[in-house]
Structures are given as structure tokens and as C-alpha cells.
Amino acid sequence: QDKDTKMTEFWLISAPGEKTCQQTWEKLHAATTKNNNLSTNSKFNIPDLKVGTLDVLVGLSDELAKLDAFVEGVVKKVAQYMADVLEDSKDKVQENLLANGGKVLMIYLSFEIEKSFKTCSSSLDTVPFLFIFKGVNQIDNDLKARASAYNNLKGNLQNLERKNAGSLLTRSLADIVKKEDFVLDSEYLVTLLVIVPKLNYNDWVKQYETLAEMVVPRSSNVLFEDQDSYLCNVTLFRKAVDDFKHKAREFKFMVRDFQYNEEEMKADKEEMNRLSTDKKKQFGPLVRWLKVNFSEAFIAWIHVKALRVFVESVLRYGLPVNFQAMLLQPNKKTMKKLREVLYDLYKHLDSSAAAIIDATMDIPGLNLSQQEYYPYVYYKIDCNLLEFK
């Protein structure tokens, strides 16, 4: 599939049956494919649903618009969260979500719609609005719970990782210092850790023994270095600590507030390992859940679109039910041309639209209350919203 010309955007349209619905389909297909292949098309078969009164249809039309927005929101959320979970492999989002890309996706969608409508009642009043809403609402709630648990784990792990990175002034020293770097359990002596900027290291060597009284001579070693600084230890008498800290600061030597505690450091490491293992354990099942439930939510979304096409087609074209729904995947470079071809095919459907639309307009279509208006029934299924850079 040529990424530049194909879009993961679909137009679900319907037009009245001519002598037969097959003829409507053939006419559209010929007009959009005969010169330079404006779109890839497939029939979108919506089974005949029993129609109630006009009032019922108008009410359904409003309800479906709300349901459409809700389900689309959940589809986006699941896709976005898949991108968050895959972190550095965002380029894999598409293959994880839309395995049925391009043409296959279109056939797959039509098939799913037909299959599932057969399993439910064919009366429009009892079409499973509630069923769709409940199912998608459940996905929405489950996503919140799963995302919250996983994000919590990820956040705790990141906090620990942050503690183990960063500058020597703030980072955890658990992986750096060893027991032998300290004088421990002495009533009089204590070992301090000092961050010495590399530029001032020579001063440190010359001066640390005289920064306060009672510093143990030659007790300082470099334990670790980062880009800018050395981590040094120094041993002195406890009562000289305050004096030493004060004097050290004047020379830009920073004493770290650090107590050597083996138990605490071991606990930190164990916690880090536990969180890291937990995250790895949860990752696979979470990605699988997202794939399955993305598919569920996406199919529910297409169901809502199918119902909208049905209701809108009956409202526009009247009874008896006689229209052909079609799914088009436009070519990116010729979308404007495709609009014009569709307009020419169907402008006769709506004399008022023909009167309103000024011939000089770029693309036939009016933006009436945010819903583009065309003489034919039209809904966009925008899978571009699932692309993450």
C-alpha cells in the first residue's frame, strides 16, 4: 500500500437505489475508478431494519450522533494509550491496531456489520444502542482502571530511576558507595561524602585536611565521578563536622547529607527490581487487552456509523427503504476531484443544495453546524486520528 496516496480515512456514503441498488453501486464504482482511480470502493451492506415513525427516526438520529461522538472518543483513547504503552516503539501502533489495513479493512468492516446485525433484532427501535453503549462504556471504564494501575507502576519506577540518575548532588548513591569507604560505628570519627567540582579538585587535595581541625590526614579518596564532579570521602572527628561543612561551602565543596545504611540501600535495589519485573509482567497482557478492545470499540464505532447511514438515508430518501451504502477509501492526492465527481453524480438528489451551493466554491459541501453537508448521505471514518508520530 503506497503510504503517500492512500489514506486511512474512509467515506461512508449512501445514494438511493436506481432501477436496482446494484446499478447505484456500479455507477459510483465506474465514476470513481475509470479515470486515475480516485478511490478504492466496496459495498457496505446494511441489512434492512424495520423502520418506526418519522419522529422515532429523528430522535434516533440525535441519539446516534451523541453515541458516535462517545464511541469515537473511546476508540481514540484506546489508540492513544497503546501509543503511550509502546513508548519507544510508537511506529508499531498502526500494526498493533489496524492489522486489517487498507482494502482488507474495508471488506472486514462490511463483513462484521453484516454478521452482527444478523445476530440482533432487526427492528430499529430495538437496535442495540444500549448494547453498543454498555459494551463501549465497559471498555472505557476498564481502560481507566488498567491505565491507572499501569501508570502508577510506571511512575514509581521512573521516580526510582530518576533517583539513580542525575547529578551527584541529588542522585541515589546506593550503587556507588561501599562499606569500606566509611568509618562506621565509631564514637568519635565520621566519614562525610563531598561533591567536588572537577575544576576545583586540585584545591580540594591541597586544602581538605585544613578546612577544620581534626580532619584525618590522607583520608580522602575519589569514589566516583560524573561529567562535572568527583564524589570524595573524608574522615574527621564528629565535633568538627559543622565547622568543616561551613568552610567547605566557601570553596564550592558540597557535603552530601548521607548516612550509610546497608538495609535501606538493599531495600531500594529490591524495590527497583520488583517494579521493573512487575512492569514487564503487565506489559504483554496490557498490549493484548488494548488490541482486543481497540478492535471491539472500533467495530462498535462502525456499527454506529452504519446505523447513522441507515437512519439518515431513510430520512433523506424516504420509504420504502431503497439505498446503497458504499465505503470509499479516497486517494490523498485526488480527494478534491473525488468530491467533485460525487457531487456531479448526486447533485440531482437535492435541488435546494444545488441552489445554495455557489459554483465557485472550492469543494461542494456546506459546513452546517459543523456537519459537512452534501446531497448524498456522508459520514467520515477518520483513522488518521490513530497515527502517532
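Which residue forms a salt bridge with Lys163? That is a handy place to start, and point 2 has the reply.

1. **What you are looking at.** This is a predicted model, so local features need pLDDT of at least 70, side-chain atom pairs count only at pLDDT 80 or more, and totals for chains, interfaces and linings use all residues. Residues are numbered from 1 along each chain as its sequence is written, and side-chain values use heavy atoms, with hydrogens and water left out. The chain averages a pLDDT (the predictor's confidence in each residue, from 0 to 100) of 84, and 81% of the residues score at least 70. Where pLDDT is low, the predicted coordinates should not be read in detail.

2. **A salt bridge across the chain.** Back to the opening: Lys163 pairs with Asp268, the closest N and O atoms being 3.7 Å apart. A salt bridge here is a side-chain nitrogen of Lys or Arg within 4 Å of a carboxyl oxygen of Asp or Glu. The two partners sit 105 residues apart and link distant parts of the chain, Lys163 in helix H5 (residues 129–163) and Asp268 in helix H8 (residues 262–317). Helices (H or I, at least four residues) and strands (E, at least two) are DSSP runs, numbered from the N terminus. Lys163 counts as partly exposed at 40% relative accessibility, and Asp268 does too at 30%. For that scale, buried means under 20% relative accessible area, exposed over 50%, and partly exposed in between (1.4 Å probe, protein chains only).

3. **Other salt bridges.** The whole structure has 17 salt bridges. One of them joins Arg316 to Glu312, with 3.6 Å between the closest N and O atoms. Why are these two about one helical turn apart? They are 4 residues apart in helix H8. Arg316 is partly exposed at 30%, whereas Glu312 is buried at 18%. Lys347 and Asp344 also meet, at 3.5 Å from N to O.

4. **The nonpolar core.** A nonpolar core is a set of buried Ala, Val, Leu, Ile, Met, Phe, Trp, Tyr and Cys residues joined through side-chain atoms within 4.5 Å. The largest one has 49 residues, and Val71, Leu290 and Ile381 have the most contacts inside it. Elements supplying at least two residues each include helix H2 (54–86), strand E1 (9–16) and strand E10 (377–382). H8 gives the most, with 17 residues. Leaving aside residues up to four places away in sequence, Leu290 touches Val78, Tyr81, Met82, Val85 and Leu143.

5. **Aromatic rings.** There are 15 aromatic pairs in the structure. Rings of Phe, Tyr and Trp (its six-membered ring) pair if their centres lie within 6.5 Å; planes under 30 degrees apart count as stacked, over 60 as edge-to-face and the rest as tilted. Tyr201 and Tyr230 are tilted because their planes meet at 55 degrees, with centres 4.8 Å apart. Tyr201 belongs to helix H6 (residues 201–207) and Tyr230 to strand E5 (residues 229–237).

6. **Arg339 and its rings.** Trp11, Tyr346, Tyr374, Tyr376 and Tyr378 make up one aromatic cluster. The charged end of Arg339 sits over the ring of Trp11, 3.8 Å from its centre. Arg339 also lies over the face of Tyr374, at 4.0 Å from the ring centre. The cut-offs are NZ of Lys or CZ of Arg within 6 Å of the ring centre and within 35 degrees of the ring normal.

Technical notes:
Contact means heavy atoms within 4.5 Å.
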